[in-house]
Amino acid sequence: MKIITAVFASPATLYRIKKSIFGPAYITTIKQPLRRTLVPASLFAANAAKLPSTQLLSNKLTLVISVLVFTLQFLSFSGYAQEKFTLNGYIKDSLTGETLIGANLSIKGAGKGVITNSYGFYSLTLPKGKHLLTSTYVGYATKEIEIEVAGNKQADILLLARNVIIENVTVTGRRRDNNVKTTQMGKIDLSMATAKALPALLGEVDILKILQLLPGVRNAGEGNAGFYVRGGGPDQNLILLDDAVVYNTGHLFGFFSIFNSDAIKNVSLIKGGMPAQYGGRLSSVVDISMKDGNANKTQIDAGIGLIASRFSIQGPLKKEKASYIISARRTYIDALTKPFISKESDFSGSGYYFYDLNAKVNYIVSDKDRIYLSGYLGKDIFTFNNRKRDFNTKIPWGNSTATFRWNHIYTPKLFSNTTLVYNDYNFSFAAKQKDFSIKLSSGIKDINAKTDFDYYPSTNHKVRFGLHYTYHTFLPNVLTAEQDSVIFEPNNAYKKFANEYALYLQDDWELTNKLQLNYGLRYSSFQQVGSYKTFVTDANGNKLDSMVYTPGETVKFYGGFEPRATVRYSISEESSFKAAVTRNLQYIHLVSNSGTTLPTDLWVPSTLKVKPQISWQYAVGYFRNFKNNMFETSVEVYYKDMQNQIEYKEGYTPSLKDPEDEFTFGKGWSYGSEFFINKVKGRMTGWIGYTLSWTYRKFPFLNEGKTYFNKFDRRHDVSVVGTYELNKKWKFSSVFVFGTGNAVTVPERFYFINGVLTQENSSINSYRLAPYHRLDFSATLTPEHKKKKRKYSDNWVFSLYNIYSRQNPYFIYFDQEGSALNGGVKVEARQVSIFPIIPSVTWNVKL
């Protein structure tokens, strides 16, 4: 018998395959030492016809996974001959039991090591014998572990946090040569301790505003939590909260983000060299992980600020086995203003507030299995009443997510995570005047399932692969109205449905001490499905005919490969050169007239008319550390090409038509350089970032087909961030930012037509607002209480936002004075600024 293709399988797996597919024949067992079975792949086809279709599909899926897993296992067979064994486990906080994401475990003196994954898991393959290991993590004491390896072993490593260490213990960050040693470009992990020490608008710590202080990331405007990365739009950032996509990140119309810092464990920003496990966006990834909850004791954190208060409680459900965390935040603007608005006032009952609720439970089922259940609920509610005009309106909007995750360790080298996610974002507008009422709603809903595998063939080699699926439901503007007993329901519910799939494989391989590769391939696809109806129209938009798609029927299918590759070449122990190329596809889009993600903006899918956005990004960088890794520095240069970019047509005004009928399509490109100096040790820490960049767009039917600067274009962007720890009681922080003014379109000429003042606009974005700059300052006081047995600790944070009260432009408008009848008309441009100097104070307490 001729064997064309074969796979290695364990005896137990082979038995199951044999029983369900092959029957008792055609099995050849290989003797020791491998104890694996060689199976002729040609036999699968011969016996497949005997199976029912559902069983065949199940067996095929099992076979595919088995082939992939056991092929990867084959890569490490040579290790058995060398008597190598695997040490695996979790790196945790010694007091809370929280797993530490991105912690380092290295072989002392060998320069080799691993980094924990998104769940704090590590796998390290070592030769038989004694080894001295070193574990480090930002803000934690370095720990050395002497271990003797004589077989595969599972061991959790506990690290002691900085705020509880004793004297003469070395405190470190992550392995500080990560800046030069890893292949990843453009990735920055944000410490929550750093975030809470920096000045904040109205005392509200905002992780998205802090990300805006990094090179390559610019803000959406004064005080706004929206951001743009390397010339991309706000919808081109993939923002994840415990694996759930967040579609609207802003409270108070974008001035605050939805992320409560008390509930957040880790924040990672990736703006270049996006790994293959991420997709669906062109520009960046912001991956946010919630805390798991203190597994050892009950802990309460609370804070009272100028406009909002926070409360969190966490603790063990079963000590060292199961834990929970519940964290809530609410503004009290409505409560503060209510006493000043009398019940007899025309505006009584008007107000605004927002709230967030985060909750998470995790349970260690066994040494090999863990489950997590987390959720988020956030809402903004704006109400306005005018009794004089018998008018009232209510505008609620918000996100809700639920995530279930199951971690499983198949072998010491193979880790998996399976995730189920429900995600719902909705916006609603309701207004009533006398006997007439109107309601407008829109939103997007997702159901997501995915599984990811981490495989560690050796210390210098990590493989990751997985499969993702999402079912989307898009609900654009839906309008209903009522007057007296008459109900008005126009046919404008253009609901759309879609399936999104992705399959990826990624390999991170340190070939030599100098050369390391991270290469991967992602295949993604997007399928718009029914129920759906399309219309054939004439030149005037009149409907002539229609085509109806039944539920589940394919309307349009898109797909493509997304290659990703990064290479690192070490010049010395302190410096390296890196280069990356990535291709990304984006199938859902946010088209907006504004500069940020507002609740009124609509998410739309790729359809018959709307093609996926496509980008290629190329980046090279030089990375160098100084003074024993005290200073991290880098210079990165990038170029990004973007196809199928979307804007509204010229003269667009909001309507109840299908939004895609108002789109026009073109291309964009951006390029620039980013400079970064980061001091990570000592009493004084902080960074300086500078970005020099250009961003362009070109649309055949906009700006007469001529190239123009995109609204996200900013020539110069500077940020200086510093924190100084004076003593145990006082810590001071300051932030300075400077940026070129936004590109805008303004009227250039005014003239009268039949007595009506008419304006003629400039070409698109041909003018600039005044430059933006601001200086902030904060001081944190941690009182030293006399009673040593006091059961709580607290601190006070005093902040000054915009110290020298710079009147930064929010927008400009043109005001008319005089009358055309006497020829005395005067038109002036006027600037609106919203934030002068703003002091704030926040009290935080921990029990």
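Buried means under 20% relative accessible area, exposed over 50%, and partly exposed in between, using a 1.4 Å probe and protein chains only. This is a predicted model, where local features need pLDDT of at least 70, side-chain atom pairs count only at pLDDT 80 or more, and totals for chains, interfaces and linings use all residues. Residues are numbered from 1 along each chain as its sequence is written, and side-chain values use heavy atoms, with hydrogens and water left out.

**Exercise 1. Get the overall picture: work out what share of the 847 residues is buried, and how many helices and strands there are.**

Step 1: apply the burial cut-off, and 51% of the 847 residues count as buried.

Step 2: go through the secondary structure, taking helices (H or I, at least four residues) and strands (E, at least two) as DSSP runs numbered from the N terminus. That gives eight helices and 56 strands.

Step 3: look at contacts, meaning heavy atoms within 4.5 Å. Among those with a separation of 6 or more, 65% are between residues 24 or more positions apart.

**Exercise 2. Find the residues that touch the most other members of the largest nonpolar core.**

Step 1: set the rule. A nonpolar core is a set of buried Ala, Val, Leu, Ile, Met, Phe, Trp, Tyr and Cys residues joined through side-chain atoms within 4.5 Å.

Step 2: The largest core has 66 residues, and Leu 211, Leu 241, Phe 259, Val 267, Val 286 and Ile 288 touch the most other members.

Step 3: check for a separate core. There is another one apart from it, with 19 residues, including Ile 91 and Tyr 140.

Step 4: zoom in on Leu 211. Skipping neighbours within four places in sequence, Leu 211 contacts Leu 190, Val 217, Val 267, Leu 269 and Val 286.

Step 5: Val 217 counts as buried because its relative accessible area is 2%. Beyond four places in sequence, its contacts include Leu 211, Phe 227, Tyr 228 and Asp 717.

**Exercise 3. Describe the largest cavity: what is its volume, and which residues lie nearest its centre?**

Step 1: define the search. On a 1 Å grid over the protein atoms alone, a cavity is a set of points where a 1.4 Å probe fits but cannot get out, and lining residues have an atom within 4 Å of a point. Grid points are joined across faces, edges and corners, and a volume is the space filled by probe spheres set on the points.

Step 2: run it over the whole structure, and nine cavities of 30 Å³ or more turn up. The largest has a volume of about 340 Å³.

Step 3: read off the lining. It has 28 residues, with Lys 209, Gln 212, Leu 213, Val 737 and Arg 774 nearest the centre.

Step 4: sort the lining by element. Helix H7 (207–211) and strands S46 (716–725), S47 (730–739) and S52 (772–781) each supply at least two residues, and S47 gives the most, with four.

**Exercise 4. Is Asn 628 buried or exposed?**

Step 1: locate Asn 628, which is in the loop between strands S41 (613–626) and S42 (631–648).

Step 2: compare with the cut-offs. Relative accessibility is 64%, so Asn 628 counts as exposed.

Step 3: look across the sequence. Asn 628 and Glu 574 are 54 residues apart along the chain, with 8.5 Å between their C-alpha atoms.

How values were computed
On a 1 Å grid over the protein atoms alone, a cavity is a set of points where a 1.4 Å probe fits but cannot get out, and a pocket is an open set with protein on both sides within 12 Å along at least five of seven lines; lining residues have an atom within 4 Å of a point.
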